[in-house]
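Let's take a walk through a protein together.

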Amino acid sequence: LRYRVVSFTVFASIDGYAAEETAQSNLFGDKHRNVFNRLRSGQRVFFTDIKAVGPDGKTVELSEVSIKIK
């Protein structure tokens, strides 16, 4: 089945501060790249509040995804 992401939030803790940026599309913008560029090896970035539209046209909320930076 094919689902299309329509919104998501990127969250990371950088230097003790929360960095959280939302998107109302399936694309990373400059504000997301800024968060990614500040991450260091061993840190995690979380993708939360992921919403996608399925082939039936219904919007569903997907599970959180975390990625550890190498």
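Does Arg-38 count as buried, partly exposed or exposed? Keep in mind that what you're looking at is a predicted model. Arg-38 sits in helix H1, which covers residues 30-38. Its relative accessibility is 39%, so Arg-38 counts as partly exposed; the label "exposed" would need over 50%, and "buried" would need under 20%. Who does Arg-38 touch, if we skip its neighbours within four places in sequence? The contacts are Ile-14, Ala-19 and Gln-43.

Now let's head inside. In soluble globular proteins, nonpolar side chains tend to be buried together. Here, the largest nonpolar core has 11 residues, among them Phe-8, Val-10, Ala-23, Phe-47 and Ile-50. Strands S1, S2 (17-23) and S3 (44-53) each give two or more residues to this core, and S1 supplies the largest share, with 4 residues. Pick out Ala-12, another core member. Leaving out residues up to four places away in sequence, Ala-12 touches Tyr-17, Ala-18, Ala-19, Val-35, Leu-39, Arg-44 and Val-45.

Next up are the charged pairs. Side chains of opposite charge can pair when their charged atoms come close. How many salt bridges does a search of the whole structure find? There are 3.

One of them joins Arg-40 to Asp-15, with the closest N and O atoms 2.3 Å apart. This pair links distant parts of the chain, since Arg-40 is in the loop between H1 and S3, while Asp-15 is in the loop between S1 and S2. Arg-40 is partly exposed at 47% relative accessibility, whereas Asp-15 reaches 55% and so counts as exposed.

Leu-1, Tyr-3, Val-60 and Leu-62 make a nonpolar surface patch of about 420 Å². Tyr-3 comes in the segment before strand S1 (4-14), and with 42% relative accessibility, Tyr-3 counts as partly exposed.

How values were computed: Residues are numbered from 1 along each chain as its sequence is written. This is a predicted model: local features need pLDDT of at least 70, side-chain atom pairs count only at pLDDT 80 or more; totals for chains, interfaces and linings use all residues. Side-chain values use heavy atoms; hydrogens and water are left out. Patches are made of residues with over 30% relative accessible area and no salt bridge: like charges are joined within 9 Å, nonpolar side chains (Val, Leu, Ile, Met, Phe, Trp, Tyr) within 5 Å. Accessible areas come from the Shrake-Rupley method with a 1.4 Å probe; for residues, only the protein chains shown count as cover. A salt bridge is a side-chain nitrogen of Lys or Arg within 4 Å of a carboxyl oxygen of Asp or Glu. Buried means under 20% relative accessible area, exposed over 50%, partly exposed in between (1.4 Å probe, protein chains only). A nonpolar core is a set of buried Ala, Val, Leu, Ile, Met, Phe, Trp, Tyr and Cys residues joined through side-chain atoms within 4.5 Å. Contact means heavy atoms within 4.5 Å.
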